[in-house]
Amino acid sequence: MAFEQLLSGKLLREFKTISAMVKIYCKAHHKESDSHPCEECESFIEYAHTRLDRCPYGQEKPTCNKCPVHCYKPHMKAKAREIMIFAGPRMLLPHPIMAVRHLLSERHPAPGKPPEASSNRHQRIKVSIKD
């Protein structure tokens, strides 16, 4: 996907994980295509990408269920929860490394208050101003 270029490090890994979960969920529930998610699921992936890009923790982002800052809108948070509950256990076969990494990152405690302007978006703006 073209918008993966904005994310790096831990944020990119989180994005790939949620994208894989959405594809598993979509394949089971919407059955539009095996390779591409339906339009509704694709819009959720784009929304998740935007939220990851603007996460106030930046590269120190905790997993969503441990995060004290809820950046998803309530209906999107409910959709993410539904997707993760369904696809989480099913991640072990198609994406074992991704699933184990996600489970291990859930064990880390949630950080305190996020530092000022540490989101991925703010970091990109700083770099573009310096150039």
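Okay, housekeeping. Residues are numbered from 1 along each chain as its sequence is written, side-chain values use heavy atoms, and hydrogens and water are left out. Since the model is predicted, local features need pLDDT of at least 70 and side-chain atom pairs count only at pLDDT 80 or more, while totals for chains, interfaces and linings use all residues.

Let's start with helices 2 and 3. When I say helix, I mean a DSSP run of H or I with at least four residues, numbered from the N terminus. Two packed helices are described by the angle between their axes and the distance between the axes. Here, helix 2 (residues 39–53) and helix 3 (residues 74–87) have axes that come within 12 Å and cross at roughly 110°. That makes helix 2 roughly perpendicular to helix 3, a label for angles of 65 to 115 degrees. The axes are lines fitted to C-alpha atoms, over the stretch in contact, with angles running from 0 to 180 degrees between N-to-C directions.

So who meets whom there? On the helix 2 side you have E40, F44 and Y47, and they meet M76, K79, A80 and I83 of helix 3. Contact here is heavy atoms within 4.5 Å.

K79 and E40 form a salt bridge through their side chains, at 3.2 Å from N to O. It links helix 3 to helix 2, with the partners 39 residues apart. The rule is a side-chain nitrogen of Lys or Arg within 4 Å of a carboxyl oxygen of Asp or Glu. K79 is buried at 16% relative accessible area, whereas E40 is partly exposed at 45%. For those words, buried is under 20%, exposed is over 50%, and partly exposed is in between, with a 1.4 Å probe and protein chains only.

How many salt bridges does the rule give? The count is 2. The other one is K61 with E14, where the closest N and O atoms are 4.0 Å apart. K61 sits in the loop between helix 2 and helix 3 and E14 in helix 1 (residues 9–29), so this pair ties together parts 47 residues apart in sequence. K61 is buried, at 4%, and E14 is buried too, at 10%.

Staying in that loop, look at T63. T63 is buried, with 2% relative accessibility. Leaving aside residues up to four places away in sequence, T63 touches E14, H102, S105 and E106. T63 and E14 are 49 residues apart along the chain, with their C-alpha atoms separated by 8.2 Å.

C67 is in the loop between helix 2 and helix 3 as well, and it is buried at 10%.

Now out to the surface. L92, V100 and L104 make a nonpolar patch with about 260 Å² of accessible area together. V100 belongs to helix 4 (residues 96–105) and is partly exposed at 40%. Patch members have over 30% relative accessible area and no salt bridge, with nonpolar side chains joined within 5 Å and like charges within 9 Å. Areas come from Shrake-Rupley with a 1.4 Å probe.

Last one: A117. Most residues other than glycine have a negative phi. A117 is not a glycine, yet its phi is positive, about 50°. You'll find A117 in the loop between helix 4 and helix 5 (120–130), partly exposed at 26%.

Conventions: Helices (H or I, at least four residues) and strands (E, at least two) are DSSP runs, numbered from the N terminus. Angles under 35 degrees count as roughly parallel, over 145 as roughly antiparallel, 65 to 115 as roughly perpendicular and the rest as oblique.
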